[in-house]
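My notes follow the structure.

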Amino acid sequence: VDVIKKQSCYVDSPDFIPQNAKMLMDLVQLASYGPSWWNRSMSTPTSSKSAIMSYLSLVQRFSLLLSVLFYLSIAYELNEWRQVLPRNSPKSSSSRMQRPSPRRGQSMTMEVNGKIYVFGGLATILASDFCEKDDFRTSQGEECEKLLPINELWQFDPVISSWKKIEVYGDQPEGREQHSASVMSDNRILIYGGKTTYYGSNKAYDAFLGDIWLLDVGRITSHIIPGSNMQALPLSLPEGETVYHTTIAKIESSDYVGLGEMCIVNVQVEVSLEHSCTKSISLALFGPVTVTHNTHLPRTRGQRVELFPLGTDSTCKSHLNDTIFSDRADHSILDQFITNPYRDEYRPSSSLSLAFEGAPVNGEWTLEVYDSEVDGRRGSLKDWKLHVDIQPCKDEFTWTKIHGPECEKSIVTADPNGRADHKCIIDANGTSAPLPHTDISSPQPRYAHTAINVNDNVFIMGGFAGRNLQDIWRYNYIENTWH
């Protein structure tokens with residue numbers, strides 16, 4: 001039904017039959033083994049509205065068609081573009097949405113825990129320091145606007161569609177664009193090359209970079225918090241009542257000495273529950289909160305996230321066998337095509353990440369179980385546990401410069417005869433020297449190249465350095481050598 005409704009939005013002509021609808025007709029014929037209600041010789045309807053209404057009628061009459069629609073919907077969803085609209089961070093004290101400014105030439109990489117990092121690019125910035133050096137366009141008094149390479153670092157969480165600007169202290173790469181970024185086996189991000197702006201005595205030049213930087217995005221560790229570490233399990237579920245089962249997260253390890261409090265990167269809830277009709281059951285999670293040891297209900301002590309709402313099933317299903325609720329699961333618990341009993345991984349009805357990401361992990365967590373019917377069906381909570389990924393609450397992002405090649409920055413100028421003259425910038429004062437052309441043991445500084453990581457060997461190919469390049473180089477990350 002969903003795919004037909006969506007497709008109908010794109011029908012501009014009454015004589016147009018959506019391709020998915022035509023595919024659906026063929027699938028119905030195949031799946032229904034030629035029943036009498038469908039005539040294979042029947043001509044294709046010319047009214048998209050009547051066709052869609054006919055298909056909706058078929059959906060209501062044939063449960064088999066629902067399965068066809070489900071698989072068709074999956075295929076349809078995988079073959080479309082959607083604009084991702086960022087949300088405000090739930091922990092932000094400001095109501096203004098945080099997101100990168102317009103830019104080009106930035107790198108974009110995803111590390112192993114699913115976070116996306118955007119670095120650098122060419123963007124319009126306020127550059128009052130350069131007002132006297134160049135004829136920059138002035139704006140708002142003494143401040144100047146200019147397109148310049150930047151070294152901003154942003155993090156995007158695709159699960160909750162949220163941007164976060166990362167503040168890095170200490171040494172860091174200079175602003176650049178059209179560089180490459182590769183994720184290494186230790187989850188650090190390797191930045192190579194790019195283009196920046198170099199200011200000579202009386203002119204600004206495009207400078208080609210050949211330096212290597214590593215970004216440490218912080219150490220993330222995984223833990224399992226058993227639900228039975230405070231109260232015994234299994235727990236009987238009284239009919240028509242709500243029960244609360246509490247566990248305590250208290251992660252202490254010598255590994256975290258000096259790192260401060262640990263916060264949640266990702267949380268999953270695993271539940272095993274026996275009940276012969278799960279449509280009368282609801283599940284919710286509270287926490288994390290400071291342990292209070294009082295007699296108040298959990299809803300007064302922490303945020304409630306609904307995992308499994310009442311009426312999830314249209315018919316009675318039995319049991320949840322090691323069922324995992326995770327925002328990163330492919331299918332929602334609300335999908336109508338779920339096996340009986342529940343035994344897989346599903347997205348909960350409310351987001352765990354929006355509620356708990358960035359919150360301290362230690363404290364009191366509570367699982368709420370409600371059996372809404374008094375019908376003689378008794379159930380029990382067999383077990384539950386939390387799977388958490390954590391890192392220091394204070395971001396520990398650091399840049400490290402790797403011992404670079406012979407020339408890490410070069411410019412192209414014109415010699416007295418008007419020919420291109422490649423020079424290597426050898427110090428912060430702008431001292432230059434001829435670029436070596438023999439016995440080169442590392443690639444020439446460049447930008448707009450391509451790069452790929454294969455088993456901690458970063459291959460780079462081509463790019464531009466005053467001319468188009470066609471060479472291929474391999475950087476061995478473990479040995480810190482170029483080949």
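Predicted model: local features only at pLDDT ≥ 70, side-chain atom pairs only at ≥ 80, totals over all residues.

Strand 24 (450-454) and strand 25 (457-464) are the elements that give two or more residues to the patch.

I then looked up Ile472 by itself. I placed Ile472 in strand 26, which covers residues 468-476. Ile472 counts as exposed because its relative accessibility is 57%, and the cut-off for exposed is over 50%.

Next I turned to the interior. I noted that nonpolar side chains tend to be buried together in soluble globular proteins. The largest nonpolar core here has 35 residues, and within this core Leu283 and Trp384 touch the most other members. I listed the elements that each supply at least two residues of this core, among them strand 12 (242-249), strand 14 (281-289), helix 5 (352-356) and strand 19 (379-392). Strand 13 gives the most, with 6 residues. I also logged a second, separate core of 13 residues, including Ala181, Ile191, Leu215 and Phe397.

Last, I checked strand pairing around Ser410. Which residue stands opposite Ser410 of strand 21? I found Phe208 there. Strand 9 (residues 204-216) and strand 21 (residues 409-414) run antiparallel and are joined by 3 bridges. I then followed strand 21 to strand 22 (residues 420-425); these two also run antiparallel, with 5 bridges between them. Cys424 is the bridge partner of Ser410 in strand 22.

Methods. Residues numbered from 1 in each chain as written. Heavy atoms only, no water. Core = buried A, V, L, I, M, F, W, Y, C linked by side-chain atoms within 4.5 Å. Buried < 20%, exposed > 50% of the residue type's maximum accessible area, 1.4 Å probe, protein only. Helix = DSSP H or I, 4+ residues; strand = E, 2+ residues; numbered from the N terminus. Pairing = 2+ DSSP bridges.
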